[in-house]
2 protein chains.
Amino acid sequence: MPTFKLVISYDGTGYHGFQYQENAYTVQEALEKALLKLYGEKIRVGAAGRTDAGVHARGQVVSFRASDRIPGDRLKQALNGILPRDIVIVEAGEVAEDFRSRRDAKGKVYTYSIDNGPYPDVFLRNYSWYLPCRLDLARMRETAAYFVGEHDFKAFQAAGSPVKTTVRTIYSLTITKNNHLIVLRFEGNGFLYKMVRTITGTLVKVGQGKRSPGEVLEALRNGVRRYAGPTAPAKGLCLEKVLY
Amino acid sequence: MPTFKLVISYDGTGYHGFQYQENAYTVQEALEKALLKLYGEKIRVGAAGRTDAGVHARGQVVSFRASDRIPGDRLKQALNGILPRDIVIVEAGEVAEDFRSRRDAKGKVYTYSIDNGPYPDVFLRNYSWYLPCRLDLARMRETAAYFVGEHDFKAFQAAGSPVKTTVRTIYSLTITKNNHLIVLRFEGNGFLYKMVRTITGTLVKVGQGKRSPGEVLEALRNGVRRYAGPTAPAKGLCLEKVLY
């Protein structure tokens with residue numbers, strides 16, 4: 001059966017995450033409902049990254065198989081006409097039959113946004129973590145550099161999904177500030193459950209002077225969970241891109 | 001009685017405009033409810049600009065009188081703790097007793113945002129007008145210049161509120177583009193009802209090649225309403241600042 005790939009963007013505010021759940025509305029359910037309407041057959045989609053409730057996406061990738069060969073442009077347009085306004089198809093097209101969005105992903109790019117202004121920016125209230133405190137960006141950047149490379153991130157995950165290994169490679173972790181908005185950008189070959197949010201929470205503690213760069217290095221080298229920081233709120237996180 | 005001035009920001013998506021209405025939820029109602037809770041007395045607020053349903057604000061100014069003298073910082077913090085998350089107090093403080101936000105305003109700055117991308121930006125869906133068509137920005141800018149200065153804007157308003165004169169002065173009208181986002185910025189001594197949205201609708205027609213700059217000049221010089229364009233949707237409009 002022909003396989004299709006969709007790049008999708010969504011505002012996660014109104015959803016209980018990507019993945020299907022029995023009693024909660026998810027992005028997967030909204031997407032499969034639209035596909036059912038379009039194709040007239042039940043279609044299951046698989047996503048490259050299973051974003052949690054409140055997490056957003058600019059470049060989530062999903063794949064599915066369908067018997068009908070709808071050209072990419074028409075597929076995109078038709079789905080955007082059916083989908084709720086908080087889910088948008090960015091790209092659509094047929095791919096190799098054996099393509100699977102999750103299995104074939106070589107890496108991912110996430111951003112985490114912090115609103116560091118003197119009052120909360122109303123327009124970012126669902127897309128950032130509001131933190132009016134002073135943050136030492138130089139120290140945060142210095143500490144962020146420790147995470148780059150191949151490491152065992154077992155101290156920087158939430159218990160939950162079992163994984164074969166907790167070793168991952170972060171290609172880059174940059175911190176930029178534009179007016180009151182601080183953006184942490186993570187690029188890596190894969191991320192453990194809540195890893196981006198836990199690293200963010202840890203770096204914020206460093207920025208506040210409540211954790212030393214040395215303690216973070218200790219957590220990273222020896223897996224000491226108590227040196228890692230708390231998990232940052234979901235709403236600041238966004239899956240920007242999936243790398244293939 | 002002491003008079004207080006608030007600079008407020010709000011996401012207008014969930015409100016039927018600023019001004020109180022019998023059967024619809026407005027920003028004024030939310031604000032007065034918070035003030036009642038804080039002061040324990042019924043307080044009426046007046047706003048510099050009465051934004052319509054769906055219109056946003058970054059720098060709306062309201063004034064009110066109250067018997068209690070709450071210091072600005074405490075007033076701001078207390079109100080932000082009570083108000084719904086889509087209304088934020090940016091600044092608060094006591095002002096001269098005779099200050100009135102509307103009467104004393106010397107001018108206003110509005111922006112109008114157009115999402116001109118190949119697909120709608122999910123995060124701007126409530127804050128911009130989605131227009132995927134080609135827009136000739138050079139022509140729009142050339143035409144925008146006609147509006148600058150003192151003119152009779154009677155062709156660029158919506159019927160509704162009676163005014164003494166339809167002459168207004170626009171100090172500047174700039175059009176900038178950043179990636180897919182086009183922002184029109186209006187600064188003037190005052191604006192007629194729906195004037196910013198009608199000028200925007202007209203400039204879009206020019207950008208699409210459906211109206212000539214000459215026709216717009218005609219509408220401006222002779223008040224010919226049919227040469228003006230349609231009113232752009234409310235959600236792209238934002239009251240940025242009130243000048244005193």
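**Exercise 1.** H1(B) and H2(B) are oblique to each other; show which angle and which residues go with this arrangement.

*Before you start.* This is a predicted model, in which local features need pLDDT of at least 70 and side-chain atom pairs count only at pLDDT 80 or more, while totals for chains, interfaces and linings use all residues. Residues are numbered from 1 along each chain as its sequence is written, and chains are lettered from A and ligands numbered from 1 in the order in which they are written.

*Solution.* 
- Step 1. Find helix H1 (residues 27-39) and helix H2 (residues 72-82) in chain B.
- Step 2. Axes are fitted to C-alpha atoms over the stretch in contact, with angles from 0 to 180 degrees between N-to-C directions.
- Step 3. H1(B) and H2(B) are therefore oblique (under 35 degrees is roughly parallel, over 145 roughly antiparallel, 65 to 115 roughly perpendicular, the rest oblique).
- Step 4. From H1(B), Ala34(B), Lys37(B) and Leu38(B) meet Ala78(B), Leu79(B) and Ile82(B) of H2(B) (contact: C-beta atoms, placed from the backbone, within 7 Å).
- Step 5. Sorted by class, this contact has 5 nonpolar, no polar and 1 charged residues (nonpolar: Ala, Val, Leu, Ile, Met, Phe, Trp, Tyr, Cys, Pro; charged: Asp, Glu, Lys, Arg; polar: the others, Gly among them).

**Exercise 2.** Describe how H3(B) packs against H4(B).

*Solution.* 
- Step 1. In chain B, take helix H3 (residues 137-147) and helix H4 (residues 195-207); their axes are 8 Å apart, at an angle of about 140 degrees.
- Step 2. H3(B) and H4(B) are therefore oblique as well.
- Step 3. H3(B) brings Leu137(B), Arg139(B), Met140(B), Thr143(B), Ala144(B) and Phe147(B) to the contact, and H4(B) brings Ile199(B), Leu203(B), Val206(B) and Gly207(B).
- Step 4. Their classes are 7 nonpolar, 2 polar and 1 charged.

**Exercise 3.** Which strand gives the most to the side of chain A that touches chain B?

*Solution.* 
- Step 1. Chain A has 5 helices and 10 strands, and its C-alpha trace spans about 55 × 40 × 30 Å along its principal axes.
- Step 2. Chain A and chain B each put 15 residues into their contact.
- Step 3. On the chain A side, strand S1 (3-10) and strand S4 (87-95) each supply at least two residues.
- Step 4. S4(A) gives the most, with 3 residues.
- Step 5. That side of chain A divides into 9 nonpolar, 2 polar and 4 charged residues.
- Step 6. To finish, note the model's scores: ipTM 0.91 and pTM 0.93.

Definitions and conventions
Helix = DSSP H or I, 4+ residues; strand = E, 2+ residues; numbered from the N terminus. Contact = placed C-beta atoms within 7 Å.
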